[in-house]
Amino acid sequence: MRRLAARGAAGDAGEVAAPAADSTHCAQGRSPSPPRLIDVCAIWDTGVLPPTADWKGASSGVAGARLNEAETLSSIQEAQLERLEVATPCGPGSRERGPVLRMARQQLPPWVHAAILLCLLSLGRAIEIPMDLSQPPTITKQSVKDHIVDPRDNILIECEAKGNPAPSFHWTRNSRFFNIAKDPRVSMKRRSGTLVIDFRSGGRPEEYEGEYQCFARNKFGTALSNRIRLQVSKSPLWPKENLDPVVVQEGAPLTLQCNPPPGLPSPVIFWMSSTMDPITQDKRVSQGHNGDLYFSNVMLQDMQTDYSCNARFHFTHTIQQKNAFTLKVLTNHPHNDSSLRNHPDMYSARGVAERTPSFMYPQGTASSQMVLRGMDLLLECIASGVPTPDIAWYKKGGDLPSDKAKFENFNKALRITNVSEEDSGEYFCLASNKMGSIRHTISVRVKAAPYWLDEPKNLILAPGEDGRLVCRASGNPKPTIQWMVNGEPLQSAPPNPNREVAGDTIIFRDTQISSRAVYQCNTSNEHGYLLANAFVSVLDVPPRMLSPRNQLIRVILYNRTRLDCPFFGSPIPTLRWFKNGQGSNLDGGNYHVYENGSLEIKMIRKEDQGIYTCVATNILGKAENQVRLEVKDPTRIFRMPEDQVAKRGTTVQLECRVKHDPSLKLTVSWLKDDEPLYIGNRMKKEDDSLTIFGVAERDQGSYTCVASTELDQDLAKAYLTVLGRPDRPRDLELTDLAERSVRLTWIPGDDNNSPITDYVVQFEEDQFQPGVWHDHSKFPGSVNSAVLQLSPYVNYQFRVIAINEVGSSHPSLPSERYRTSGAPPESNPADVKGEGTRKNNMEITWTPMNATSAFGPNLRYIVKWRRRETRESWNNVTVWGSRYVVGQTPVYVPYEIRVQAENDFGKGPEPDTVIGYSGEDLPSAPRRFRVRQPNLETINLEWDHPEHPNGILTGYTLRYVAFNGTKVGKQIVENFSPNQTKFTVQRADPVSRYRFTLSARTQVGSGEAVTEESPAPPNEAYTNNQADIATQGWFIGLMCAIALLVLILLIVCFIKRSRGGKYPVREKKDVPLGPEDPKEEDGSFDYSDEDNKPLQGSQTSLDGTIKQQESDDSLVDYGEGGEGQFNEDGSFIGQYTVKKDKEETEGNESSEATSPVNAIYSLA
C-alpha cells in the first residue's frame, strides 16, 4: 500500500483563491475561480491527524502519535516534523507520513513543480499596476526565436502587449522598418501586433524569410519582442541515382550511407526494405545517429533483403525513399544455411577469421564534442569485429550521472539529458569481444548561451523615490550586456540627470513623472542572446484593494494556509493584519506576513476560525478588506487499499473507507496508473470499495483511491499484481553445431509475475511427420541455453515453451532448421509380435521407427520367421510398412520371429528373437468332468484342461440348471479363468437335481461342451424330512393327543376285559354279532376273540385298510409270550408255544387283552 496525500485548495467564487496559472494573481490578488480548480499556491497540508478523540485509532497504517485537544501547539509542530513536508512560502505544501511519501514526492507531475516555482517567484515580484491606471506597454505573447512555418499555410508571427493607453505596434525586418501597408499579403490583427501573411492569392513564402522584431508603443514608452527568425520548412526530393550491388566478404564490416537531402527541420531517418518491411536491428546491425546503417560484420543471410533509407519530413508529413542497396556476400560455405545465424564461433568453421574490434564511428581513438548547457549530450561509438563487440561506457575520474544518463541503440549511444557544466570531461567507450578490446575517448566541452541570474523587473515608484533595475546573466563565454530605453541604445537616448548606469545596474534617484520609460536589457554571446523588458512607472496613488470584499475562505484543520489581500498604491503601502477586531498586528509565532501582504498561518487550528482584516496604508490614505475564515475537518482515508497479488480469473476487492467533514460533499473516485479508471461490467464501485471480477492481465497496475471534497482530497495507492502465464520465449539461436548435438539459446519472455519453473523444448521434422511437434527435453526455469542431443538424418526445427505456476506460454517462434548427417540404424523396431488373425495364418507386427531413430533415407524392415524347436531355415522378406502376414500355418504353433531395421546407410544391429503363434481354433472339451455331492447342501465340480486347447485358453464357461421331474429352473452361467478347474454349487433345496454343461474358450470362441448330472437324492432325505416334521410343535401336540386317546382306550379296554370273564362266550366263532342276537339279562354281550375278525383270512390296520393275512399266527396270539423278540431289520424271531386251539379260550382272551388293536375293535 502506498499512501499519497496531496490536498489542494479549490473552491468557487468567494471561497478560495485564484488559479495557479497566473502567478500575478498568486502574489497580489485572486479573481473568482471555477469550482474544483486547484490553487497550487495553497496546496493544503495533509500531514497531521486532527486532535479530536473521534479520530484516535482511525488508521492503523498512519505513523505518528495521536493528538488530543489539550496538547499544545508546540507538540503539534513536533508531530509535523515527523512527517515529510513539501512546503513553499507561497502556500502549504504536500506532506505524507513515513517514508512512503518520498516516492510520492518524486512522482509529482512537472506542472506542479512549475506552478510552485511560479508561486515562489510571485512573492518576490513587484506589485502589478491595475489596468485602469496609466502604464507603459508590456509584451505578453510572442513567437519563438526560431520560427519555422509550413509553406502550405499562411504565416503568423505573434506579438501581443498590454498597456494604458493601449499600445500601437510596428515591425522591423532584418533591422529595417517593415512597411505593412505596402504589401497586400501582409496584415496585422486588430488590437494586436500579430502579423498575418496570406498566400491564398499567390506568392512564395520563401520571399518572407528573415529576422523580425515587434515594437509595442504608447506615450509612456516602447517595449520590444525578441528577434524572431522566420524560416520556411523545406523537404527537398532525393536525387535519383543508380546503385550497384554492394559486394562484401562474409564477416567484413559494412556501412550503407543514407545522406538524406537537407531539410528544415531535419528529417527523421529510418531503414526499410523496398517492400516496406522494417530492417531488423540488433547489436550487429544498427542505424547510427547520422542515419547510416552499420554492419559490425556481414552474414550470409544479409543478402535475403535489400536496404532502403527513408526520410520523413515533419511539416509535409511525407516520406521519401532512397533507391535500395542490394548486397552480394562472398562466402566459403554458401550451402550450410542452417548455421548462418548461429554464434560467431562458427565463423572459423566457415573460413571467416575472428577479428579484434575496430571503430567504424567515430574514427580513431579520440575525438571531441561540444554541447550547450540545458541541451542533451549524445555520444556514439559503433565498432566492427568478429564476434560482434559489446560496448561499455565510462567517465574518466567519476561515475556517469545515473539520474540523467541512459543507453540507446544497443549500448552504442550514451545520452545525458539537461547537460550542465558538471557534465564536461572525458568519456570513453570500450568495445570488446573474445579477441580483444579497444577504446575511444571523447572530450566533452559544455558551453552556455546566456541565462538569467537576475532578470530586470518592472519598477513602480512614487515621485521623489529612488530605485534600480538590475540585469545579471551568465554564460560560456561570458555574455555582454547592452542597455536600451524604448528600443534605442541608452547612449543615444536623451540625458537624464536622475539616472545612472553602473554596468549591469541602472540607478534612479529622486524620480519624477518624466522618468517613465521602458528599458531593455540585451545580454548575448556567440551561442545566443536574452532580451528583457522592464518599465519604470512613476505614480501617486492612494491604497486600494484589488480583491472582492468580505470573502469567505474555508480551510482544512491543521493545514498551512495563506490569506491573500491584493492591494495597490504608490508609494507602496504597508499592510497589517488583525483578527476579530483585535488591536494587535498579526505577525510572528503561528503567523507570517509576506512582502506582498499575504498572511500565512503555519498551522490552522479550530481557534483560528474568525474574521481577519487587512489594512493597507501609505501617505495618501488607507484601505481595508475583510476575510472570514472557516476551519473544516480534513478528509481522511482511514482504511486504505492494500497491495494484492491475484491469479488471472479471480476476484479482487480494494477497500477505501473515508472520514470527512459532514458539511462538505464527498466524492470517491479511482485512478488506474494515474489515469481515470473506466468502470466496466467486470468492475463494481461502491462507497468504500472497488471490486474487480475475473481479473485479467490488463488489470495489473496501480490503483489510487481519490477521496475529495471541494476543499481537499486524500489519496491512497495500492498495486495489483496479476499472475499470468509467461510470455513466449523469443530469439531462438542454434550454436555449437555438431553431428549429434547442438546448443539452443533463447531469450526468456516476461514471467508475468510468476517465476518460470520449466522450459520444454520441442522439435519438428519435415520427413515423417511434418507439422507435428514432439517433446524433446525439459530444463529448469533458470536456464536459457541447453545442449540438445540429436539423431542422424533429421531436419530439426525447435521451439521452446515456458511454464510457471499459472500455466504454459504460447510456443516460441520456431528456430531455423538444422539437418544432421545419416547413419545406419542403431536400434530395431519395438513391440514385435506374432499373432494369428485366422487359424491358418500368423500376422507379424511392430511399432514403426520414428524420424529420430530412422537415421537415414528409405527406412525398411527385414522380417524373418521359422517354426520353433525345428531346424527349418529362416524365411525372410523386406517390408516398408509395419506388418506382414505369414499364410498356410498349422493351428497355434510357436514361431521364432526377428525384425531388423535397414536404411540406405546399412542395417541395424542383430534383432532379438521373439516367440509368436499362428492362429487359434476352438478348443476340445474339458477332460474328466466330475460331479460329486458330499452332502445335501453342496455339489462339487472338478475337471481337467482340454486335451487340445488349439490356442491360449481364455477361460471356461459353465451352464447349469436345477430340475425336479418335469420342472426345470432358470439356467445359470458362470465364467472362469483359464487356471480354474474346480467349482462348488450351493443347492437351493435338497430335493432337486442339477444338469451341468462345461466348455473351454479361446479368443476364437467356446469349444466342445461336456454335460453331467448330479446324483439322485438318497432315501434318508425323506426320513430326514419326516424328522424335520416331527420336531414341529403342532405335530408334537397332535401326537400327544393321540397318545392320550389311546391310553384312555386301553384303560377302558382293561375295565371291560375284567368284566368279560363272567359273560358267556359265543359258541359260533365265525359268525359276527348281528342286531337280532338276544342280549343277556344283565345287558352283556357274548364275547369271543373271533368277534374281532371282520372276515376270514384278513386283518384291519389302524388306518382302516384291510391287509391279507399271510399266516394264522399273529402277534396278538402271542402277545403274552415271554420268549419272543425282534431282530435288527424288524422281523420277529423266537419261539412261541401258545396253542391256537379255539377252544382254549383263556389264552386267546389274554392275547386280545394285551393288544390295543383288539381293544379298539372291542370298543367299536
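First, the ground rules. This is a predicted model, where local features need pLDDT of at least 70, side-chain atom pairs count only at pLDDT 80 or more, and totals for chains, interfaces and linings use all residues. Residues are numbered from 1 along each chain as its sequence is written, and side-chain values use heavy atoms, with hydrogens and water left out.

Now the sheet. It is open and has 3 strands, in the order 19-22-23, with antiparallel pairing. A strand here is a DSSP run of E, at least two residues, numbered from the N terminus. Two strands pair if DSSP finds at least two bridges between them. Strand 19 (268-272) and strand 23 (318-321) are the edges; each pairs on one side only. On average, neighbouring strands are turned by 25 degrees against each other, direction ignored. That angle is taken between axes, which are lines fitted to C-alpha atoms.

Look at strand 19 and strand 22. How many bridges join them? There are 5, and strand 22 covers residues 308-313. One partner pair to click on: Ile-269 bridges to Ala-311 in strand 22.

On to charges. Side chains of opposite charge can pair when their charged atoms come close. We call it a salt bridge when a side-chain nitrogen of Lys or Arg is within 4 Å of a carboxyl oxygen of Asp or Glu. The structure holds 49 of these salt bridges.

Start with Asp-688 and Arg-657. Their closest N and O atoms are 3.7 Å apart. The pair links distant parts of the chain, 31 residues apart. Asp-688 sits in the loop between strand 58 (683-686) and strand 59 (689-692), while Arg-657 is in strand 55 (residues 657-659). The cut-offs: buried is under 20% relative accessible area, exposed is over 50%, and partly exposed is in between, using a 1.4 Å probe and protein chains only.

Arg-639, Glu-655, Arg-657 and Asp-688 are linked in a network of salt bridges.

Next, Glu-896 and Arg-866. Their closest N and O atoms are 2.9 Å apart. Glu-896 is in strand 74 (residues 894-903) and Arg-866 in strand 71 (residues 860-867), 30 residues apart. Glu-896 counts as buried, at 18%. Arg-866 is partly exposed, at 21%.

Last one. Asp-673 and Lys-672 meet at 3.1 Å, N to O. Asp-673 is partly exposed at 39%, and Lys-672 is buried at 17%.

Methods. Helices (H or I, at least four residues) and strands (E, at least two) are DSSP runs, numbered from the N terminus. Axes are lines fitted to C-alpha atoms, for helices over the stretch in contact, and angles run from 0 to 180 degrees between N-to-C directions.
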